[in-house]
Amino acid sequence: MEENKKDNLQTNESNSFKSATSNSVTYSSFDNSKSKNKEKKKNSSPSFGKTVLLPFTCGILGAGIVIGTCFGIPTIRDNILGEYLADASSTNTTSINTQAISLLDYSDTSVGVAQKVLPSIVGINVTYSVNSLFYNNKSTANAQGSGVIISEDGYILTNNHVINSSSSSSYYELGKASKITVTLFNDDTEYEAKIVGTDEQTDLAVIKIEKDGLTAAELGDSDSVQVGEFCMAIGNNLGLGSTVTDGIVSAVNRKVTDEEGNSYTAIQTNAAINSGNSGGALVNSKGEVIGINTLKVSGDGVEGIGFAIPINSTKDIYSQLIEYNKVKRPYLGIGGLDLDEQTAKQNNLTVGVYVKTLDDFSAAEKAGVRVGDVIVKVDGKEIENMDELNEIKNQKPIGDKITLTLWRDGKTRDVEATLQEQP
């Protein structure tokens with residue numbers, strides 16, 4: 001056993017040596033003759049270490065010193081890296097922004113926007129009378145919301161549902177608001193407000209406080225809003241007072257329907273919108289109001305989905321509410337049902353709006369529309385539902401004419417109606 005171990009040790013030492021020198025010509029073999037070794041020492045050329053290894057090592061060390069010195073000098077280092085990044089980006093077919101985003105700049109933007117807009121946002125507290133089965137005397141309930149100052153003399157834009165709650169059950173019923181107070185965020189002063197006008201269809205309302213010199217909000221252009229841009233929601237969250245939350249614009253022109261069945265074309269955002277935010281402002285990075293916060297989606301598995309009414313669509317509404325205390329809308333006088341392809345086929349009809357009811361002496365009745373007709377086009381544009389019909393109609397002024405294409409008994413015909421003012 002000892003002899004085997006010794007043999008193995010000798011064999012391993014021999015292999016190790018061969019492996020280390022297998023690429024060397026100088027040390028190609030062993031020779032036990034002393035005379036031959038002496039002769040080799042006399043006739044051999046300069047050693048491999050001196051002729052190859054030493055210069056090679058010195059070259060590496062020298063190159064390392066030069067590179068280290070260059071990168072130790074900021075100007076030289078930046079020039080080298082700049083040229084390298086420029087060459088790398090030019091060879092890349094996709095344009096990539098390699099500039100780092102400063103979180104300090106982002107923070108400064110948020111602070112600047114908040115400071116600019118907060119003086120133009122108010123908290124709204126509404127007191128309702130409550131009729132309850134459990135109490136003989138009338139009790140009261142409170143609700144909170146937000147508003148946006150739109151004039152220096154005290155006009156405030158908010159949501160209709162903030163000041164006209166429809167909350168009720170089999171046990172109680174809320175009456176109209178008996179008292180509305182407004183708190184200014186910049187000085188926490190409270191003022192009593194009066195209702196100027198409300199519009200249930202757009203869920204907008206205008207209230208007013210008796211105070212001059214207020215800071216009116218700067219209104220932006222909601223038509224130019226882009227998906228992904230910075231936005232901030234400002235309002236009276238949960239009645240806590242002035243609160244800001246930030247996020248991005250998640251979508252534009254989003255079609256949504258509220259609990260009352262009203263449809264909106266809204267801006268969607270992931271900025272946190274909570275109870276009390278309704279009527280507050282959605283603003284951009286310039287501190288311009290781009291929307292009125294109105295809806296949120298809540299429930300299991302839902303997070304960061306809120307909606308704001310685009311500010312451009314509110315301007316005509318609040319102007320009419322201030323001037324007329326209501327919104328004047330063109331009126332046809334029909335009650336319709338939407339017919340999709342399946343429903344129309346089942347009832348031997350066609351896709352469009354089925355006329356279910358017709359108001360007496362209305363514009364539609366005077367034009368010759370009948371119950372049972374299907375409206376398939378408005379001003380030459382095909383429609384499939386009442387929303388599309390109303391969208392075209394509401395763009396026209398009262399007294400203007402509108403052409404309805406009717407499907408009746410398998411044939412189509414055109415009639416012209418003169419739009420009236422909605423009662």
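The protein contains 10 helices and 20 strands, taken as DSSP runs of at least four residues (H or I) for helices and at least two (E) for strands, numbered from the N terminus. The model is predicted, with local features requiring pLDDT of at least 70 and side-chain atom pairs pLDDT 80 or more, while totals for chains, interfaces and linings use all residues. Residues are numbered from 1 along each chain as its sequence is written, and side-chain values rest on heavy atoms, without hydrogens and water.

Of the 423 residues, 34% are buried; the term denotes under 20% relative accessible area, exposed denotes over 50%, and partly exposed lies in between (1.4 Å probe, protein chains only). Among contacts (heavy atoms within 4.5 Å) with a separation of 6 or more, 58% involve residues 24 or more positions apart.

**Salt bridges**

Side chains of opposite charge can pair when their charged atoms come close. Seven salt bridges are found in the whole structure, each defined by a side-chain nitrogen of Lys or Arg within 4 Å of a carboxyl oxygen of Asp or Glu. The table lists three of them.

| Asp 199 | Arg 329 | 2.6 Å |

By contrast, Glu 210 is exposed because its relative accessibility is 62%, whereas Lys 208, at 11%, is buried.

Asp 379 is partly exposed at 34% relative accessible area, and Lys 396 is buried at 19%. Shared partners join Asp 379, Lys 396 and Asp 400 into one salt-bridge network.

**Backbone at two aspartates**

Most residues other than glycine have a negative phi. Asp 188 has a positive phi near 60° and is located in the loop between strand E4 (172-184) and strand E5 (190-199). With 62% relative accessibility, Asp 188 is exposed. Asp 203 also has a positive phi, of about 60°, and occupies the loop between E5 and strand E6 (204-209). Asp 203 is buried, however, because its relative accessible area is 6%.
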